[in-house]
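I opened this notebook to record what I looked up in one structure. The entries follow the order in which I checked things.

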Amino acid sequence: MGPIIATALVAAVGNGEQFANGRQMSAAFGLTPRQHSSGGKERLLGISKRGDVYLRALLIHGARAVISTAKNKDDRLSQWVTRLAARSHTNVAAVAMANKTTRMA
């Protein structure tokens with residue numbers, strides 16, 4: 001996370017005390033799958049696209065940069081995103097990485 005994303009995140013959420021956990025913050029930015037579940041059958045479709053469009057775009061573009069440089073690194077997060085990008089579409093991996101970055105923030 002660079003200075004542009006960090007300042008946009010602080011401007012959007014402040015200290016983040018309004019969220020109980022990281023998943024709620026990710027859901028507020030529209031980085032979690034939208035649920036269409038009923039009768040005990042869970043259906044998770046694409047990202048919800050609700051919330052701050054600018055911040056979500058910054059996080060996803062930052063995640064794309066992480067994915068492109070993760071092949072040369074050997075830390076756990078880089079290995080995770082490299083394996084994810086290998087088995088799924090790169091954009092899906094980018095949204096997953098943006099979601100994980102938001103939860104860590």
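Entry 1, terms. I took helices as DSSP runs of H or I with at least four residues, numbered from the N terminus. The model is a predicted one.

Of the elements, α3 gives the most, with five residues. The lining holds 17 residues, and I noted Met1, Gly62, Val66, Met97 and Thr101 as those that lie nearest the centre of the pocket. I also sorted the lining by class and found ten nonpolar, five polar and two charged residues.

I went through residues 3–13, which form α1, and found Ile5, Ala8, Leu9 and Val13 buried. Where do these buried residues fall, seen down the axis of α1? They lie within an arc of 105 degrees, so they line one face of the helix. I recalled the general rule for comparison: an α-helix has 3.6 residues a turn, so residues three or four places apart point the same way. I next checked the face of α1 turned away from the buried side, and there I listed Pro3, Ile4, Thr7, Val10 and Ala11 as exposed.

I searched for aromatic pairs and the structure holds zero. I did find a charge over a ring: lysine 100 lies over the face of tryptophan 80, at 4.5 Å from the ring centre.

Key
Residues numbered from 1 in each chain as written. Predicted model: local features only at pLDDT ≥ 70, side-chain atom pairs only at ≥ 80, totals over all residues. Heavy atoms only, no water. 1 Å grid on protein atoms, 1.4 Å probe; cavity = no way out; pocket = protein on both sides within 12 Å on 5 of 7 lines; lining within 4 Å. Helix = DSSP H or I, 4+ residues; strand = E, 2+ residues; numbered from the N terminus. Nonpolar A, V, L, I, M, F, W, Y, C, P; charged D, E, K, R; others polar. Phe/Tyr/Trp six-rings, centres within 6.5 Å; stacked < 30°, edge-to-face > 60°. Lys NZ or Arg CZ within 6 Å of the ring centre and 35° of its normal. Buried < 20%, exposed > 50% of the residue type's maximum accessible area, 1.4 Å probe, protein only. Arc of directions from axis to C-beta.
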